[in-house]
Amino acid sequence: MEKDCGTWIHILSHKLKKRMNANMQSLGLTGVQSRIMHYILVKCAEGPVFQRDVESVFGMSRSTATGILQLMEKNGLILRKSVASDARLKSLVPTDKAAHLDAQIGESLRQTEQRLTQGLSDEQIALFLETAAQMSANLEA
């Protein structure tokens, strides 16, 4: 039986998660935590980052984001700080521990992306990104 798009996406997702988790294990992080940590470190330089931003960027539910962020907070990677304009809002602030890991996280992400896309032309990568975005939109409709 020939594999369909959904099966290939599932296989790629599984392999990518497995590789990311293995790469990040020495840092005490999961692959998802590393991507979220990198996002927070990059975006906090531009302004406050909130849980809803993480939910939106990574396409995850509130409960999933809460669980991941609570574990990251427990492990000393982020702090939740109240925002002066709205005490209900808590911005996600990376700790010094997270900042020290950023270079290693960024390099691992770059290496993984390079390995994932090796042998593909820029046009093939652009087409894949366009196709994946359309598939995502199709599933949300």
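What share of the contacts in the chain with a separation of 6 or more comes from residues 24 or more positions apart? Those residues account for 48% of them, where contact means heavy atoms within 4.5 Å.

Before you click further, note that this is a predicted model, in which local features need pLDDT of at least 70 and side-chain atom pairs count only at pLDDT 80 or more, while totals for chains, interfaces and linings use all residues. Residues are numbered from 1 along each chain as its sequence is written, and side-chain values use heavy atoms, with hydrogens and water left out.

**Whole chain.** Show the C-alpha trace: along its principal axes it spans about 55 × 35 × 25 Å. Switch to cartoon and you can follow the pattern α-α-α-α-β-β-α-α, with 6 helices and 2 strands in total (DSSP runs numbered from the N terminus: helices are H or I, at least four residues; strands are E, at least two).

**Surface.** The chain exposes about 9800 Å², 55% of it supplied by carbon and sulfur atoms (Shrake-Rupley method, 1.4 Å probe). Of the 141 residues, 27% are buried (under 20% relative accessible area, 1.4 Å probe, protein chains only).

**A helix pair.** Now select residues 31-43, helix α2, and residues 96-117, helix α5. Their axes come within 9 Å and cross at roughly 115 degrees (lines fitted to C-alpha atoms over the stretch in contact, with angles from 0 to 180 degrees between N-to-C directions). Show side chains on S34, R35, M37, H38 and L41 of α2, which meet A98, A99, D102, I105, G106 and L109 of α5. This contact divides into 6 nonpolar, 3 polar and 2 charged residues (Ala, Val, Leu, Ile, Met, Phe, Trp, Tyr, Cys and Pro count as nonpolar; Asp, Glu, Lys and Arg as charged; the others, Gly among them, as polar).

Note on methods: Buried < 20%, exposed > 50% of the residue type's maximum accessible area, 1.4 Å probe, protein only.
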